[in-house]
Structure formats: structure tokens, C-alpha cells
Amino acid sequence: MNAGTVKRIGELTGGGDAPGLNAVIRAVVKTAANHGLECIGLEDSFDGLIEPDRSRPLTPRDVTGILRLGGTILGTTNRGNPFAYPISTSGGTVDYSSRCIEMFHQLKLDALVVIGGDGTLAIAHEFSKRGIPVVGVPKTIDNDICETVNTFGFDTAVSFATDAIDRLHTTAEAHHRIMIVEVMGRYAGWIALHSGLAGGADVILIPEIPFDIEQVAGHLIARERWGARFSIVVVAEGAARVGGARSVMKEAELGTVERLGGIGAIVAADLEKLTAKETRYVVLGHLQRGGSPTAFDRVLATRFGHKAVELLMEANFGQMVALKSPYIVAVPLETVVGRTRNVPPDSDLLSTARSVGIHLGSDPN
Ligand code: F6P
């Protein structure tokens with residue numbers, strides 16, 4: 001396809017929701033309309049291409065007022081991989097990819113904007129390889145997608161977690177307690193690290209640095225000795241002890257990935273024993289995914305949506321829009337999928353945290 005041949009764009013949101021999805025949907029629709037292109041919203045991720053009547057036209061009128069809303073007006077799912085669609089009755093999977101391609105043509109679509117995390121972008125890449133013109137838009141509160149400095153949703157999640165830590169500080173101090181805050185992030189420690197730094201945590205435990213609970217307890221006891229009678233510990237859901245396994249709430253099953261969680265309770269019980277200090281924990285969970293996106297996420301999401309339409313108009317397919325500060329750029333989907341962006345060991349976030357006295361679970365050598 002040549003530049004200027006995309007006239008009708010299908011748009012979908014896949015995977016777990018993240019604040020800013022609606023801002024992207026709105027930006028795509030408004031930018032497309034400005035260039036005389038039509039938009040069709042596909043419901044519940046790729047289900048919109050698998051099942052009939054799961055799509056609807058989106059005009060600027062349909063997206064007015066959604067910029068500040070969390071969630072997604074199109075709905076989403078993290079169970080609907082069309083290449084291995086789970087069938088609950090048989091316990092097996094079916095490949096619905098050809099059906100999706102047929103539906104794409106039936107709906108007279110010229111291209112797709114796929115807004116999602118690593119799993120959804122991998123599906124987008126598969127369709128791209130099968131000849132569907134696709135542009136991906138990276139979303140996740142975890143901020144773990146490669147080749148982009150930021151995904152939208154992350155800033156909102158960090159702001160929420162920081163506010164929660166601020167609130168815990170006052171009650172921790174009043175009761176001379178240790179408070180543990182478990183945050184999301186899957187296998188990356190970005191949310192824990194950013195919210196812990198912003199909230200002034202005393203300990204931050206992330207998946208990238210296996211922790212030694214005795215060392216953590218030693219740090220908290222030392223704080224007590226110099227007169228700090230309370231402590232805040234931020235623990236990422238994917239953090240694990242040295243030589244230990246991650247805490248899994250639910251094993252992966254057909255069409256789903258494992259559900260992490262529970263490490264906050266474990267760390268709390270261990271620290272109470274080792275420090276002899278009253279210790280409580282709180283799990284922020286899906287609250288981190290809810291609510292209105294921050295100004296940063298609204299702007300990033302809007303820039304991503306605009307860039308996605310630009311790429312389609314240039315017939316630059318198989319790309320993901322990305323933030324390479326200060327620019328929004330295109331990166332090939334194939335360089336993104338199957339990889340996770342973790343906190344690198346030489347990140348200045350780690351050295352900064354240590355320099356302000358935050359313990360990261362294991363004393364640096
Ligand atoms: O990827 C976003 C995320 O919120 C992770 O931080 C978390 O582990 C996971 O999704 C939870 O997924 P679900 O909503 O399916 O429980």
C-alpha cells in the first residue's frame with residue numbers, strides 16, 4: 001500500500017487496562033477525522049474481529065469528553081489471543097486468526113491501530129506478518145515495554161502509589177510501625193522504584209534485585225536505633241528473596257498468564273519476626289490501574305494516537321509508536337515483542353536511591 005491509501009482505520013484496546021487508553025482512542029479518532037479518515041472501534045480487543053457485530057463507527061462526537069476517563073470505551077480482555085483462543089468447554093484453543101483477517105476485510109478496514117501491552121503487541125506483530133497493515137501503541141502501567149522511555153498509564157499508577165505511601169507515612173509514624181506497600185509491575189520494578197523514591201520509602205524491593213530479608217531487617221533495626229521509629233517498605237509484586245521464587249496468587253492457565261501477588265504479606269510476617277516491630281501491609285492492586293490519567297499520561301497518549309495515524313497515512317506499517325525523549329518515533333514491532341524492559345543494574349535510579357539511604361534489599365558489593 002502506498003502513502004495516502006489508508007481511508008478506514010480499525011482501533012482496539014487489548015490486555016489489562018491502563019489510564020490513558022481513552023486518550024489514545026480520542027486522539028486517533030480526532031486526528032483521523034481531521035484528515036478525512038474513518039475510524040471503526042473494535043470491542044474487547046481482538047474479539048471485535050472474531051465475533052460479528054462487535055464493532056462500531058467512532059466519530060469525534062463519540063469521543064468527546066473521554067480524555068480524562070480511565071478504562072477504555074472499547075472494552076478489553078487479556079484472554080483473547082486469536083492465534084490460540086481459549087475454549088472453556090473443551091479446555092483447548094482454536095486459531096481464529098483467519099477469521100479476524102476475513103472480518104478485517106468484511107469491515108472494509110485498511111489498517112489497524114492496536115493499543116496494548118507486550119501480549120497484545122505480539123499479536124499485532126503476527127497480523128502484520130500476515131499482511132495486515134498495523135501500527136502498535138504501547139500501554140501498560142508496568143512501563144516494561146522495550147524501545148520506549150515511557151508507556152502511558154505508568155505515571156498515573158506511580159502518582160497513585162506515591163499518594164498511598166504519603167498516607168501510610170503518617171499512620172506508620174503515629175503508631176511506630178513498619179508499613180509494607182505491595183505495588184504492581186509484574187517482572188519489572190519501575191512502579192516500586194519510582195513511587196518508593198517519590199514517597200521517601202526506606203526500603204524498595206524490586207524483581208531485578210533478589211532481596212535478603214535479614215539485611216532488610218538489619219536496615220530497619222538500624223533506623224530504629226538512630227530514632228526513626230517507623231519505616232516504609234515498598235515491595236514490587238514480582239520481587240523475590242535471594243534463591244527464592246516469586247509469590248504467585250494463581251498459576252497460568254489456558255489463555256492467561258500467572259497472577260502475581262502476596263509478597264507483601266510474606267515480607268510483613270518475616271520483618272515482624274526479625275525486627276520485633278509491629279508490621280502491617282497493604283496491597284494497592286487494581287487501584288493503580290483506575291482513575292483519571294495524569295496530565296503527563298494524557299499528553300503522552302494523545303501524542304501516541306496522533307503519531308499512529310501519521311504512520312498509517314505514510315503507509316509505515318508494522319511499527320510501534322514510542323517515546324524517545326523528546327521525540328515520538330516509530331520503532332519496528334519486531335524489535336519490541338518478546339522482550340521486557342527491566343530496571344538495568346546501572347540505572348541511576350538505583351544509585352540515587354542508595355545515595356539517599358534507601359535499602360534495595362541487598363547490600364551492593
Ligand atoms: O500489566 C499490568 C498489570 O496490572 C500488572 O501490573 C499485574 O501483574 C497484572 O496486570 C494484573 O492483571 P489482572 O488484571 O489480569 O489481574
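Which residues line the largest cavity? The lining consists of Ile178, Leu220, Ile221, Glu224, Ala228, Arg229, Phe230, Ser231, Thr275 and Lys277. The model is predicted: local features need pLDDT of at least 70, side-chain atom pairs count only at pLDDT 80 or more, and totals for chains, interfaces and linings use all residues. Residues are numbered from 1 along each chain as its sequence is written, and side-chain values use heavy atoms, with hydrogens and water left out.

Rolling a probe the size of a water molecule over the atoms shows where empty space is left. Here a 1 Å grid over the protein atoms alone was used. A cavity is a set of points where a 1.4 Å probe fits but cannot get out; a pocket is an open set with protein on both sides within 12 Å along at least five of seven lines. Lining residues have an atom within 4 Å of a point. Grid points are joined across faces, edges and corners, and a volume is the space filled by probe spheres set on the points.

The count comes to 1 cavity of 30 Å³ or more. The volume of the largest cavity is about 30 Å³. Helix H8 (residues 213–225) gives the most to its lining, with 3 residues. Helices (H or I, at least four residues) and strands (E, at least two) are DSSP runs, numbered from the N terminus. By class, the cavity lining has 5 nonpolar, 2 polar and 3 charged residues. Ala, Val, Leu, Ile, Met, Phe, Trp, Tyr, Cys and Pro count as nonpolar, Asp, Glu, Lys and Arg as charged, and the others, Gly among them, as polar.

The largest pocket holds about 1200 Å³ of space. Its lining has 44 residues, and Gly16, Asn78, Arg186, Val257 and Arg289 lie nearest its centre. Two or more lining residues come from each of helix H5 (118–129), strand E8 (178–183), strand E11 (248–250) and strand E12 (259–260). H5 gives the most, with 4 residues. The pocket lining has 10 nonpolar, 19 polar and 15 charged residues.

The ligand takes up the space of the largest pocket (more than half of its atoms lie within 2 Å of the grid points). Around the ligand are Asn78, Thr140, Ile141, Asp142, Met184, Gly185, Arg186, Glu237, His286 and Arg289, each with a heavy atom within 4 Å of it. This shell has 2 nonpolar, 4 polar and 4 charged residues.
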